[in-house]
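Here are my notes for your first look at this one. Keep the viewer open and go through the points in order.

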Amino acid sequence: MTATPGSNAAAFGVRWLGHASALITDRGTVVLTDPVLTDRVAHLRRRRGPSPIGPHVRNPDAVLLSHLHADHTHLPSLRLLDPDVPIVAPWRAIDGLPALRQFADRLVLLRPGDETRIGKVTVRAVPARHDGRRWRRGPEFAPAIGYVVDGDRRTYFAGDTDLYPDLADHVGPVDLALLPVGGWGPTLGNGHLDPSRAAVVARLVEAGLAVPIHYGTLWPIGLDAVRPRLFFGPGAEFVHHAERAGVVAVELHPGGELGEPGAAGPRV
């Protein structure tokens, strides 16, 4: 079964919109992660997959922002959402990005370990190892975080992160892990997971099913021929490493959906 967001209170499903943007539906509650809803982000363009459109994308029950980088907190995309959609973000996000004041009346700010209730699911913030600053200089007011969405299933959205001590203790066993496995250019800097390290994370959090994200969508204009393996390859590489680690994994294409994870039952 492939779940349609909001169509069934008991349904579970995930639709990957590309990069770090995903619609997670659980108990009829829809959350949208790190929305990039346009075909361009600064010098990056959407190279694969359709532009996300439709009422379920623009009117989720809440948005989850993992950190302040422009390809995760994309202000033009946030402005495309219905004006009453709550936006969950790292603590002190406005200090790190004053432009977020335009959404101040609907921001829900979380520190790692904090929880908030959205519809029929609970969202918990967890630590991430990643430079969460909007710009490369200045203090890090709002460190990057990830999220665990807990309903009929337990879903880990890692945002951007690298391995860090006690990651498994902070996240806990999950039914589904959405894990970053690449980037948006021909190099991958510190604070990111590559396919092999992402497979380690999938094993550590005992993921019933793992899905690679944060690759194969955005790419610098004019660099299509530069290291194309880093654009197309990370998803399949992750699936290979995950299966070797004993984790069931599936690669989606941008716009692709999955329903009930057959290998993952609800955890209590």
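1. The arc is taken from the directions from the helix axis to the C-beta atoms, and buried means under 20% relative accessible area, with exposed over 50% and partly exposed in between (1.4 Å probe, protein chains only). Helices (H or I, at least four residues) and strands (E, at least two) are DSSP runs, numbered from the N terminus.

2. A word on what you're looking at: this is a predicted model, so local features need pLDDT of at least 70 and side-chain atom pairs count only at pLDDT 80 or more, while totals for chains, interfaces and linings use all residues. Residues are numbered from 1 along each chain as its sequence is written, and side-chain values use heavy atoms, with hydrogens and water left out.

3. After H7 comes Gly246, with a positive phi near 85°.

4. Now the cores, each being a set of buried Ala, Val, Leu, Ile, Met, Phe, Trp, Tyr and Cys residues joined through side-chain atoms within 4.5 Å. The largest has 51 residues, and Tyr147, Tyr156, Val171, Leu178, Leu179 and Phe238 touch the most other members. A second, separate core of 22 residues includes Leu32, Leu37, Val63 and Leu75. Back to Leu179: leaving aside neighbours within four places in sequence, its contacts include Ala198, Val201 and Ala202, as well as Phe238.

5. Next, the open sheet of seven strands, in the order E8-E7-E6-E3-E2-E1-E16 with mixed pairing. Two strands pair if DSSP finds at least two bridges between them. The edges are strand E8 (107-110) and E16, each pairing on one side only. Strands E6 (residues 62-64) and E7 (residues 87-90) pair in the parallel sense over two bridges, and Leu64 has Val88 as its bridge partner in E7.

6. Strand E1 (residues 12-18) has six of its seven residues buried, so it is largely enclosed by the rest of the structure. E1 runs antiparallel to strand E2 (residues 21-26), joined by six bridges, and antiparallel to strand E16 (residues 257-258), joined by two. Val14 stands opposite Ile24 in E2 and has Leu258 as its bridge partner in E16. The E1-E2 hairpin has two residues between its strands, and His19 in the turn has a positive phi of about 50°.

7. Is Thr29 buried or exposed? Thr29, in strand E3 (residues 29-33), is buried, with a relative accessible area of 4%. Beyond its neighbours within four places in sequence, Thr29 is in contact with Ile24, Asp61, Ile118, Gly119, Lys120 and Val121.

Definitions and conventions: Contact = heavy atoms within 4.5 Å.
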